[in-house]
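Biologist: I'm new to reading structures, and I'd like a close look at a single part of this one. Could you pick a spot and walk me through it and its surroundings?

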Amino acid sequence: MVIKKYFSASYAQARERFTAAARAAAFELGQVVHPTAVGPDDENLSIDLAIHAPAGARALLIVTSGTHGVEGFCGSGCQVGLLEDAGFLAEAKRRGVALLMIHGVNPYGFAHLRRVNEDNVDLNRNSADHPALADSNPGYVALDPLLLPDVWPPNAANQAAIGAYMQTHGEEALRNTVSKGQYAVPDGMFYGGSRTSWSTQAVQSILREHAGGYRRMAWIDLHTGLGPYGHGEKIFMSADRAELERARRWWGNDVKPVHEPGSISADVQGPIMTFSYDEFPGVEKTTLGLEFGTYDALQVLQALRADHWLHRHPQCEAAAAARIRQDLKEAFYCDNDEWKGLILGQMRVVASQAVAGLSEGDPAVSG
Ligand SMILES: [Zn+2]
């Protein structure tokens with residue numbers, strides 16, 4: 001199957017495929033190497049970028065992968081798929097839309113099979129006023145000992161306690177309290193950090209260098225692990241009503257704001273796309289978190305609990321640790337052709353709609 005060549009088995013292979021595809025498509029390449037962290041085979045870790053800006057381009061489409069580390073197995077495949085899609089690339093060029101792909105925003109998590117970065121930080125909670133948010137999620141602080149008990153797998157008493165919490169508050173309340181982000185427990189889950197992370201700074205410098213000078217900008221940040229299996233949920237994180245209307249015109253009425261009922265995502269603080277609003281105030285921006293569903297929400301949560309338990313218990317026996325990492329990868333990446341085919345098809349549609357939207361009303365483009 002042709003699908004296989006887009007998706008990779010490791011971070012290192014994904015990097016290679018991404019750079020090879022970008023080179024073949026005559027994109028300009030760039031790389032920001034992590035100053036200290038390395039991969040499991042001592043390989044360099046880097047955020048890689050590929051840009052193609054036709055002369056006179058008035059709009060820019062940014063596609064980012066691996067903001068949540070291990071979710072990069074899907075996002076990288078999507079980016080390689082777009083880079084090898086001659087029809088898509090030609091349409092972007094014809095419509096005067098420049099393309100900027102940023103690969104492996106969190107290369108540490110991608111390489112080491114974690115959702116968080118080298119400092120246990122969730123990069124989509126990191127672009128925030130950390131001191132002001134220190135006490136913003138007391139619910140998480142109270143739940144932390146239950147989520148990450150001393151022993152793993154959880155014993156009967158822990159399972160009963162989690163069950164009782166869900167009985168009282170509901171499953172959704174549990175997921176929201178855990179996933180909305182917290183700034184109080186540095187070795188806990190969905191921790192937003194105490195300062196701006198290396199990855200956040202690196203993405204900011206990439207955008208400062210490559211994203212200026214356009215009239216319009218769209219940003220699709222690729223994720224996995226929430227929502228129905230194989231379905232691309234269109235998550236909208238901005239509070240701008242005009243932007244929401246535009247996003248729905250481009251991508252459909254199933255664009256769902258995180259601050260309204262019906263969103264599969266918690267209303268998070270500090271997503272990485274925040275920077276585009278701070279840095280490019282005069283540019284028309286349209287942003288989307290494209291979230292591909294994998295498995296049942298509680299199954300994904302269980303894999304995340306195990307991953308964080310392991311982070312707190314690094315002395316864990318090697319085989320059990322490897323099993324936990326593999327389970328986490330599987331929770332965020334369904335390694336089969338059917339799922340990948342669903343993802344690639346939806347990616348192509350959403351990216352093509354963005355390219356069309358970015359050039360709507362542009363007198364230089366007809367049709
Ligand atoms: Zn994610």
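Modeller: Let's start at one glycine and then work through the sheet and some helices. Keep in mind that this is a predicted model.

Our glycine is Gly188, and you'll find it in the loop between helix 7 (171-179) and helix 8 (198-210). Is Gly188 buried or exposed? Count the other C-beta atoms within 10 Å of its own: there are 22, and 20 or more is the cut-off for buried, so Gly188 is buried. Leaving out residues up to four places away in sequence, Gly188 touches Tyr140, Asp144, Gln182 and His308. Asn106 is another story: it sits 82 residues from Gly188 along the chain, and their C-alpha atoms are separated by 18 Å.

Now follow the chain into helix 8. Helix 8 has 13 residues and spans 18 Å from first C-alpha to last, close to the 18 Å you'd expect at 1.5 Å a residue. Its buried residues are Trp198, Ser199, Thr200, Val203, Ile206 and Leu207. What covers them? The cover includes strand 1 (28-38), strand 2 (44-52), strand 4 (97-103) and helix 10 (274-279).

Strands 2 and 4 run antiparallel, joined by 5 bridges. For instance, His52 has Leu99 in strand 4 as its bridge partner.

Back to His308, one of the residues that Gly188 touches. The stretch 297-312 is helix 11, and it packs with helix 12 (residues 318-332) at an angle of about 145°, with the axes 9 Å apart. Their crossing is left-handed. On the helix 11 side, the contact uses Gln299, Val300, Ala303, Ala306, Asp307 and Leu310; on the helix 12 side, Ala321, Ile324, Asp327, Leu328 and Ala331. Sort these contact residues by type and you get 8 nonpolar, 1 polar and 2 charged.

One last stop is helix 6 (residues 156-169). This helix is hardly covered: among its 14 residues, the count of buried ones is 1. From first C-alpha to last, helix 6 reaches 20 Å, close to the 20 Å expected. Just after helix 6 comes another glycine, Gly170, with a positive phi of about 95°.

Note on methods. Residues numbered from 1 in each chain as written. Predicted model: local features only at pLDDT ≥ 70, side-chain atom pairs only at ≥ 80, totals over all residues. Helix = DSSP H or I, 4+ residues; strand = E, 2+ residues; numbered from the N terminus. Expected span 1.5 Å × (residues − 1). Buried ≥ 20, exposed ≤ 12 C-beta atoms within 10 Å, placed from the backbone. Contact = placed C-beta atoms within 7 Å. Axes fitted to C-alpha atoms, helices over the stretch in contact; angles between N-to-C directions. Left-handed = near helix turned anticlockwise from the far one by under 90°. Nonpolar A, V, L, I, M, F, W, Y, C, P; charged D, E, K, R; others polar. Pairing = 2+ DSSP bridges.
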